[in-house]
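I opened my notebook to record what I looked up in this structure.

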Amino acid sequence: MSPVKVFGSAAFTNVARVLVCLEEVGAEYEVVEVDFHDMEHKGPEHLARNPFGQVPAFQDGDLMLFQSRAISRYVLRKYRTPDDGTNLLRDGDLQGSALVDAWLDVEALQYEPAVHAVFVQHRVVPALGGTPDEKAIGENVEKLRKVLEVYEARLGERRYLAGDAVSLADLSHFPYTHYFMGMPYAAVFDAFPRVRAWWQDLVARPAVRKVAAMMDGRSG
């Protein structure tokens with residue numbers, strides 16, 4: 001069987017989300033680079049894969065997908081083996097899967113926007129020759145702090161966000177948090193010991209360690 005293909009560099013957070021799922025389930029895959037400098041992502045070949053001209057795109061035989069969370073769900077459903085610990089969506093458990101969906105929504109709608117805004121100001125704006133908006137950074141760090149207050153309370157009840165076993169709801173936080181922890185603003189996590197412990201638990205996972213190295217341009 002040919003390996004699935006992931007279009008886009010691991011340095012992109014949405015690509016990394018898909019890669020960590022593939023690593024978690026031990027699937028064979030190929031990363032196909034997309035040259036943004038040459039505007040390959042806006043060319044007709046890539047637009048046929050992802051009509052928004054973004055990454056990732058994902059190919060499994062005749063199936064082409066885009067949107068990283070949808071791809072992640074597909075991967076986790078296709079490669080899950082019963083009772084082997086890879087049921088990261090809680091499929092077959094109505095309440096458990098609902099909790100995974102709920103915390104995935106929190107990650108996408110509450111957590112990521114704040115972290116993304118800080119990332120853009122701290123990393124992207126200077127790379128483009130601009131000056132970071134410190135006011136915007138401060139406002140979004142404060143938004144993140146309020147989200148982390150909710151996480152701290154939740155992690156006082158359960159080991160992970162969607163229960164007592166890791167799920168996609170946890171792993172989906174990894175890519176942007178990996179970058180955020182290398183910024184001066186990461187100290188916001190220090191006030192939340194349960195969140196810090198949860199994060200350390202995630203980054204100790206072999207799949208996460210491997211993709212983190214890929215994101216940083218290191219060998220896994």
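Which residue forms a salt bridge with Arg17? I found Glu107, with the closest N and O atoms 3.1 Å apart. I noted the rule: a salt bridge is a side-chain nitrogen of Lys or Arg within 4 Å of a carboxyl oxygen of Asp or Glu.

**Ground rules.** I am reading a predicted model, where local features need pLDDT of at least 70, side-chain atom pairs count only at pLDDT 80 or more, and totals for chains, interfaces and linings use all residues. Residues are numbered from 1 along each chain as its sequence is written, and side-chain values use heavy atoms, without hydrogens and water.

**Domains.** I looked up the domain assignment of the chain, which gives domain 1 (4–85) and domain 2 (94–205). Such bounds come from an automatic or database assignment. Taken over C-alpha atoms, the two domain centres are 22 Å apart.

**Where they meet.** I read off 11 residues from domain 1 and 13 residues from domain 2 in the contact; contact means heavy atoms within 4.5 Å. Domain 1 and domain 2 bury about 1,100 Å² between them, and 58% of it is on carbon and sulfur atoms. Buried area is the accessible area (1.4 Å probe) that two parts lose on being put together, summed over both. I counted 6 salt bridges between domain 1 and domain 2. Which elements of domain 1 supply at least two residues each to the side that touches domain 2? They are α1 and α3 (68–78). The largest share, 6 residues, comes from α1. My helices (H or I, at least four residues) and strands (E, at least two) are DSSP runs, numbered from the N terminus.

**Strands.** I turned to β1 (residues 4–7) and β2 (residues 29–32), which run parallel and are joined by 4 bridges. Strands pair if DSSP finds at least two bridges between them. Val4 stands opposite Tyr29 in β2. From β1 the chain passes through helix α1 (residues 13–25) to β2, a right-handed β-α-β crossover. Right-handed means that, with the strands pointing away from the viewer, the path from the first strand over the helix to the second runs clockwise.

Most residues other than glycine have a negative phi, and most peptide bonds are trans. I checked Met39 and found a positive phi of about 60°, although Met39 is not a glycine. Met39 sits in the loop between β2 and α2. The peptide bond from Val55 to Pro56 is cis, with omega near 10°. I placed Pro56 in the loop between α2 (44–47) and β3 (57–60).
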